[in-house]
Amino acid sequence: MKIGHFLLLTAAIGSHAASAAEPTPNLPPADVVARVLRANPSVEAARGQVRVEEANKDRLEAGSYEWNLRFGAHQRKVAPSTGPDERYNEWNAQLERPLRLPGKASADAELGAIGVAIAETAQGDALHEASRALLKYWFVWLKESASAEQWADQFALLEKQSASIRRRQQLGDAARLDAVQAEAALAQAEAQLAQARARRNSAAEDLRRRFPGLPLDEPGKIAEPSAITGSESEWLDLIREHSHELGIARGAAQKAQLAAGRAGRERVPDPTVGVQMARERGGEEQILGAYIAITLPGGGRQAVASGALAEAGVATSREAAATQKISAEAAALYHSAIGTMTTWQATHSAAERLQQAADMTARAYQLGEGSLNDLLTARRLANEAQLAARLARLDALEQRYRLLLDAHQLWDLD
């Protein structure tokens, strides 16, 4: 890794005080994540595919050049012009094997090796995709939990307010309409709380079933996301450098080029050499010989070579398309991480001001200088702003982690 990249990521990961104590706040422990991800079925399937390619590599290195034994028996009948017919039991045997021409064996070995390398990269890609999915569904659960917590706070506040208004009504200091409005607001908050808890429980169950063994403890305080440091080009270079998808496309292009070269060599057929033995006229004649068989190539071999060359061109274009796609996605992710930070700061500021306004409206109502409707409206706006701020904070944290994940600075399990 370049020194600039190292400094960039050191600053990105450890700039905040909370991050110094806990490098990945609001995430499950890294060792637990590693265990859960490696047990994921898609990762296990990719691991099995590596073994498949290793066996295929052995097959290519050995080749289909096997010994072939031919054996035949027959009876010869001779009818001379004089004397009785003569019968002889005869047999013949051949042992032959095709010979791989020079250059083909090394090409086959290279094809097998690159197949294993692509499978290993695909295994890393499966781990990375599983990591992305875990991060996504983890933050779905965190957001639903934050929503349920916010509505629980709002319900507790409105419940306390409703009880206070009922007491004031009993003392003749509040109108019946105020009590009805307070109870209606409390009932609405209770309904929202029930829905939020149902969504939280659903998200938790979804996460448990997708990633068994992942502990889902009660979420603690949401950490303040650190600012994204480093330029767009630096982050794009890091993400492209560690992209498994691009590695697979690049490996496929190399494999296609090797396959095209191998197909070109196949235009010259491999010869077959062998030895033969025969016993004729009941053993009167013993035959021992050697032979070579050479296939005369036709247009099919040239067509196969041309097709392989065309496939190499297709694979090269796909590599370019993968590079373009990953660059675009990485740039979008970088700007999304920057944008969510700005959004969170704005919503946090708005939530603080609306909370101040709600507190001031509550004091005015207690002093008889405002209406309950104004207070309920102020509390509703403050609650919406606080919920938006919580979710925006989680969005910023998620996008920051996603940027680190794609740059292989979070849960790097390769």
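I sorted the lining of the largest cavity by class and got five nonpolar, five polar and two charged residues. For the classes, I counted Ala, Val, Leu, Ile, Met, Phe, Trp, Tyr, Cys and Pro as nonpolar, Asp, Glu, Lys and Arg as charged, and the others, Gly among them, as polar.

This is a predicted model: local features need pLDDT of at least 70, side-chain atom pairs count only at pLDDT 80 or more, and totals for chains, interfaces and linings use all residues. Residues are numbered from 1 along each chain as its sequence is written, and side-chain values use heavy atoms, with hydrogens and water left out.

**Cavity**

I searched the whole structure and found one cavity of 30 Å³ or more. The largest cavity has a volume of about 60 Å³. On a 1 Å grid over the protein atoms alone, a cavity is a set of points where a 1.4 Å probe fits but cannot get out; a pocket is an open set with protein on both sides within 12 Å along at least five of seven lines; lining residues have an atom within 4 Å of a point. Grid points are joined across faces, edges and corners, and a volume is the space filled by probe spheres set on the points.

I listed the cavity lining; among its residues are Gly 124, His 128, His 244, His 408, Trp 411 and Asp 414. Helix α5 gives the most, with four residues. Helices (H or I, at least four residues) and strands (E, at least two) are DSSP runs, numbered from the N terminus.

Next I looked at the largest pocket, which holds about 460 Å³ of space. It is lined by 22 residues, and closest to its centre are Gln 150, His 348, Gln 386, Ala 389 and Arg 390. Which helices each supply at least two residues of this lining? I found α5 (104-170), α9 (299-366) and α10 (372-406). The largest share, seven residues, comes from α10. By class, the pocket lining divides into eight nonpolar, seven polar and seven charged residues.

I then checked the span of α10. Its 35 residues reach 50 Å from first C-alpha to last, close to the 51 Å expected at 1.5 Å a residue. The expected span is 1.5 Å times one less than the number of residues.

**Positive phi**

His 408 sits in the segment after α10. His 408 has a positive phi of about 60° although it is not a glycine. Is His 408 buried or exposed? It counts as buried, at 8% relative accessibility. Buried means under 20% relative accessible area, exposed over 50%, partly exposed in between (1.4 Å probe, protein chains only).

I noted Asn 26 too, with a positive phi near 70°. Asn 26 lies in the loop between α2 (17-21) and α3 (30-38). Asn 26 is also buried, with a relative accessible area of 15%.

**Sheet**

I traced an open sheet of four strands, in the order β1-β2-β3-β4, with antiparallel pairing. Its edge strands are β1 (68-78) and β4 (285-293), each pairing on one side only. Two strands pair if DSSP finds at least two bridges between them.

I counted 11 bridges between β1 and β2. Lys 77 stands opposite Arg 87 in β2. Eight bridges join β2 (residues 86-98) to β3 (residues 272-280). In β3, Val 275 is the bridge partner of Leu 95, and Thr 272 is that of Pro 98.
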